[in-house]
Amino acid sequence: MNFVFVGTSLGARGTETHLVSLVRAMVQAGHGAVTVAHENGFIARELKSHGLAVEPGIFRNAADVRGMRSTLRAIRRTRPQWFWWEASDMSTGRS
């Protein structure tokens, strides 16, 4: 099964670490996974350090067109059966 995960936060708190753990577990179980995340954020750094696919995305807020473009690119490329969006409060950086 293919998955696309989206992590909009730059931080390294509970939601972000949960997303990283979830993606790693899915890949270890044999699933395909691509994560859209800010390339300088915790999520992207952690996943890249484990050799996992990250589509760079910039999310100033949940409706940021740049992030949506990256997300749509990942969806078109992977044709996922499941899509997961990590929602964070963009104004405070909290999840």
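Asp64 touches Ile58 and Phe59, leaving aside residues up to four places away in sequence; contact here means heavy atoms within 4.5 Å. This is a predicted model, where local features need pLDDT of at least 70 and side-chain atom pairs count only at pLDDT 80 or more, while totals for chains, interfaces and linings use all residues. Residues are numbered from 1 along each chain as its sequence is written, and side-chain values use heavy atoms, with hydrogens and water left out.

**Around Asp64**

So where does Asp64 sit? Its place is the loop between strand 3 and helix 3 (65–78). Helices (H or I, at least four residues) and strands (E, at least two) are DSSP runs, numbered from the N terminus. Asp64 has 10% relative accessibility, so it counts as buried. The cut-offs are under 20% relative accessible area for buried and over 50% for exposed, with partly exposed in between (1.4 Å probe, protein chains only).

A polar atom of the Asp64 side chain lies 2.9 Å from the backbone nitrogen of Arg60.

**Salt bridges**

How many salt bridges does the structure hold? There are three, each being a side-chain nitrogen of Lys or Arg within 4 Å of a carboxyl oxygen of Asp or Glu.

| Glu55 | Arg73 | 2.8 Å |

Salt bridges with shared partners join Glu55, Arg73 and Arg77 into one network. Glu55 belongs to strand 3 and Arg73 to helix 3, so their pair ties together parts 18 residues apart in sequence. Arg77, also in helix 3, is 22 residues from Glu55, and this pair too links distant parts of the chain.

Is Glu55 buried or exposed? At 8% relative accessibility, Glu55 counts as buried, whereas Arg73, at 39%, counts as partly exposed.

An open sheet of four strands has the order 3-2-1-4, with parallel pairing; two strands pair if DSSP finds at least two bridges between them. Strand 3 and strand 4 (82–86) take the edges with a single partner strand each, so one side of each has no neighbour in the sheet. On average, neighbouring strands are turned by 20° against each other, direction ignored.

Strand 2 (residues 32–37) has five of its six residues buried, so the rest of the structure largely encloses it. Strand 1 (residues 2–7) runs parallel to strand 2 and is joined to it by six bridges, with Val4 opposite Val34. The chain gets from strand 1 to strand 2 through helix 1 (residues 14–28), in a right-handed β-α-β crossover. Right-handed means that, with the strands pointing away from the viewer, the path from the first strand over the helix to the second runs clockwise.

On to strand 3 (residues 53–56): it is parallel to strand 2, and four bridges join the two. Thr35 has Val54 as its bridge partner in strand 3, and Ala37 has Pro56. The crossover from strand 2 to strand 3 goes through helix 2 (residues 42–49) and is right-handed.

Helix 1 lies across strand 1, strand 2 and strand 4, running at about 165° to strand 1. Axes are lines fitted to C-alpha atoms, for helices over the stretch in contact, and angles run from 0 to 180 degrees between N-to-C directions.

How values were computed
A polar contact is a pair of N or O atoms within 3.5 Å; within protein, one must be able to donate a hydrogen and the other to accept it, and residues adjacent in sequence count only if both atoms are side-chain atoms.
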